[in-house]
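Visitor: I have a new structure on my screen and would like to learn how to read it. Could you take me through some features, giving the general idea and then the case at hand?

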Amino acid sequence: EKSPTYDAEKDLFEARKQAGQLAFPTTNREFLDRTLAAYRKMIEDYSGDAESIEGMDILIVTAQMELAELEFRAALFEDARMDFLRAYEIAGNVPAARANALWSAAFISRETGDIERALELFKRFHEEYLTGDRVIDTALLNMRYILTPVRIAEICKAKKDSGCAKKWLGEAEKIYGLIISSSASDEIKKEARYNLVSTHLLSEEWGKARSTIREMRKIYEDEADVPSLLFLEARVELDGFGDRNRALSVFDMIITGHPRSKEAPTALLMKGNVLLDEGKYEDAATAYSKVLDEYGGSGPETVEARWQLAILEERRGNWVEASLHYKSVYTDFPTTIQGMEAPLRIAAHYRESGEKDALDAAHERAIEHYDRLSSMQFPEIVRIIAEEYHVRTLVVQERWEDAASRLLALPGRYPQYHKFKENYLMAASIYETELKDPGRAAETLRICVSKYPGTSLAAEAAKQIERIEGNR
């Protein structure tokens, strides 16, 4: 006789089978929608039996988590966040899934620019999983969870709330100290020590960071840890103490002593950057070229080395060489940040040199570049960044009407991306300041208030409306 959960398991298997065929969820929307519908139907059909049939609750939570994860892969960020929160609410009997769901919802909020919601959810996670005697158990679930107070501190720093950042960095230091002095496994203690270094770096407590790193170098002497700790030490010497010579010496220890480590190409790049800042162009070029010769490929180090070579040649007045490097970056690596930035760097050169025709052509090529990258053949996150660069180009050109219109089109085009909701404020500012049209500015702000009632964004828009109308 079939168990009561047999049909639910069968339906979940069918949804999984469809999901397994979606290697790139963003490229086949019709099939994606069918797969999402299969998960949602399974959840709806069996949720009523979750409490009465043994094992059904676990199946429902599993389906809810897989639905949210698929939505996240498909860049349906708002849907993913909502479904992770639904999973959190129903996963009381599945602690690992409950923790994962809440942390994932917080992570998505931060990544999409909804920092107030991210702050709320990360704080809820901390309260539920990282207070009292729950720290070690939470670390055993997933070691990324113990980064929560650091993530909160980073958000506080982004909000320029130094008191909040200091509080949460202190909480992070307390948690990592507790783990290090506990009977937790060596793996968890090591992770806590690395996180403690990150905490000291964020706090700009350079002496503590240096001491912790040197203590770790005595404890961890295997091939993977040594170059990682050396790299951290070099960054402390450079960023914290401004000791370029000591930093270069440590970078060289990585480059020569651990050439096959993942830190070696980055150490070469950092060495090149220090030398570039000192005006030692030949030595810097040698470092960047070595990255390309010995660690070439399509990785981020290759992109950054080409980018830095472009900057180097531009600084020493070799514009032809610099422009060739910039063009190679946006041609070969168009979806990287450097690939987005390169067309505008070329335009900036022509603006500074007063070459109007060349500048107009450069802006036209930039717009074409961003138009191509915002087409449906690219993942949504690439399209979003390309849209931002498109607007930036219009602003640089002082095409204010076009910039405002594009800003206002983006929230509807990308409803899952929270940050674009702020475009109403930016467009209103353009109407008021650049186009001298306070009426359109106020109307744009009223639309914002009506679309996002009860939010801090709506409150800010209402404040701006009051100011504008008070000045008229």
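Guide: Gladly, and let us begin with disulfides. A disulfide is counted here when two cysteine sulfur atoms lie within 2.5 Å. In general, a disulfide is a covalent bond between the sulfur atoms of two cysteines. Please keep in mind that this is a predicted model.

Visitor: How many disulfides does that rule give?

Guide: The count comes to one disulfide. The bond joins cysteine 156 to cysteine 164, with an S to S distance of 1.8 Å.

Visitor: Are cysteine 156 and cysteine 164 buried or exposed?

Guide: The cut-off to remember is that buried means under 20% relative accessible area. Cysteine 156 has a relative accessible area of 1%, so it is buried. Cysteine 164 is buried as well, at 14%.

Visitor: What does the protein chain look like overall?

Guide: Its secondary structure comes to 24 helices and zero strands. The C-alpha atoms fill a box of roughly 80 × 65 × 50 Å along the principal axes. Of the 472 residues in the chain, 48% are buried. Contacts tell you about the fold too: among those with a separation of 6 or more, 53% are between residues 24 or more positions apart.

Visitor: With helices to look at, how do I read a pair of them, and at what angle do H6 and H8 cross?

Guide: Start with the angle between the axes, where over 145 degrees counts as roughly antiparallel. Helix H6 covers residues 115-129 and helix H8 covers residues 148-158; their axes come within 10 Å and cross at roughly 155 degrees. H6 is therefore roughly antiparallel to H8. Their crossing is left-handed.

Visitor: Which residues of H6 and H8 meet?

Guide: From H6 there are Ile115, Ala118, Leu119, Phe122, Lys123, Phe125 and His126, and from H8 there are Thr148, Arg151, Ile152, Ile155 and Cys156. By class, this contact has eight nonpolar, two polar and two charged residues.

Visitor: Now for single residues. Where is lysine 208, and what does it touch?

Guide: For a single residue, check its element, its accessibility and its contacts in turn. Lysine 208 is found in helix H11, residues 206-219. Its relative accessible area is 39%, so lysine 208 is partly exposed. Leaving aside neighbours within four places in sequence, lysine 208 is in contact with Glu173 and His200.

Visitor: And where is serine 228?

Guide: Serine 228 is in helix H12, residues 225-240. Serine 228 is buried, with a relative accessible area of 16%. Not counting residues up to four places away in sequence, serine 228 touches Tyr194 and Glu263.

Visitor: What should I look for in the backbone of the loops?

Guide: Most residues other than glycine have a negative phi. Alanine 75, which is not a glycine, has a positive phi of about 65 degrees. Alanine 75 sits in the loop between helix H3 (56-73) and helix H4 (77-90). At 6% relative accessibility, alanine 75 counts as buried.

Visitor: What is the phi of lysine 436, and in which loop is it found?

Guide: Phi of lysine 436 is near 55 degrees, again a positive value in a residue other than glycine. Lysine 436 is in the loop between helix H22 (423-434) and helix H23 (438-451). With a relative accessible area of 65%, lysine 436 is exposed.

Methods:
Residues are numbered from 1 along each chain as its sequence is written. This is a predicted model: local features need pLDDT of at least 70, side-chain atom pairs count only at pLDDT 80 or more; totals for chains, interfaces and linings use all residues. Side-chain values use heavy atoms; hydrogens and water are left out. Axes are lines fitted to C-alpha atoms, for helices over the stretch in contact, and angles run from 0 to 180 degrees between N-to-C directions. Helices (H or I, at least four residues) and strands (E, at least two) are DSSP runs, numbered from the N terminus. Angles under 35 degrees count as roughly parallel, over 145 as roughly antiparallel, 65 to 115 as roughly perpendicular and the rest as oblique. A crossing is left-handed if the near helix is turned anticlockwise from the far one by less than a right angle, and right-handed if clockwise. Contact means heavy atoms within 4.5 Å. Ala, Val, Leu, Ile, Met, Phe, Trp, Tyr, Cys and Pro count as nonpolar, Asp, Glu, Lys and Arg as charged, and the others, Gly among them, as polar. Buried means under 20% relative accessible area, exposed over 50%, partly exposed in between (1.4 Å probe, protein chains only).
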